[in-house]
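Here is a short briefing for a first look. It covers helix packing and charged pairs.

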Amino acid sequence: MNIEEFNNAIKNKIFSKYELREDIDNYGNSSVWIILSNKKDIEAVANAVKAYKGRCIVATAYKNDDDTHTVVYHFDIAGLIVNVQIQTDDKSIISITPILPSANWAEREAREMYGIEPIGHPNKDRLFLDHSITKGVLNEYISLSKIQMGVSETDILWDNVNKGIEQ
């Protein structure tokens, strides 16, 4: 399996434009990044992953500054890592769990933590949170990546840090 082969498998099945690029790490390991312009095209990608006997490793979800969400599915196809990014502005995605059961927990986590609904997902059960905690609870907090970069919606965090230093 290589990038050109995978691209050939999806290019006639995806209806919208997409960006495909290869990343090679310091050890020579190759990975693929695909950015879909239409979130519905994730089904075509999932079908291609299934055809090559691949699996969903995990999905990464996060809230953007404009209140949209990004979901990145991370797939493994015989050692080739394929990362597929989609955007949602209505907090919904098409579930790929019926195609790739390995996406089950990742999609349920996106639902529970960020309120992103995987339409057509076969399991409505929660994974982690007590039912008294609102779905999408992580949308209410500053992400660790923003904190690590020193960026937040307010200066409350850094004001409190600086108070501790000044005393």
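Contact here means heavy atoms within 4.5 Å. Helices (H or I, at least four residues) and strands (E, at least two) are DSSP runs, numbered from the N terminus. The model is predicted: local features need pLDDT of at least 70, side-chain atom pairs count only at pLDDT 80 or more, and totals for chains, interfaces and linings use all residues. Residues are numbered from 1 along each chain as its sequence is written, and side-chain values use heavy atoms, without hydrogens and water.

**Helix packing**

- Buried means under 20% relative accessible area, exposed over 50%, and partly exposed in between (1.4 Å probe, protein chains only).
- Helix α1 (residues 3-11) buries Ile-3, Phe-6, Asn-7, Ala-9 and Ile-10.
- Down the axis of α1, these buried residues fall within an arc of 160 degrees, so they line one face of the helix. The arc is that of the directions from the helix axis to the C-beta atoms.
- They pack against β1 (18-24), β2 (30-36), α2 (42-51), β4 (69-77) and β5 (80-88).
- In α2, the buried residues include Ile-42, Val-45 and Val-49.
- Just after α2, Lys-53 has a positive phi of about 60 degrees.

**Salt bridges**

- There are 7 salt bridges (a side-chain nitrogen of Lys or Arg within 4 Å of a carboxyl oxygen of Asp or Glu).
- One joins Lys-39 and Asp-90 at 2.6 Å, N to O. This pair links distant parts of the chain, 51 residues apart.
- Lys-39 is buried at 18%, while Asp-90 is partly exposed at 48%.
- Glu-117 pairs with Arg-111 at 3.4 Å and with Lys-124 at 3.4 Å.
- Glu-19, Arg-21 and Asp-23 form a salt-bridge network.
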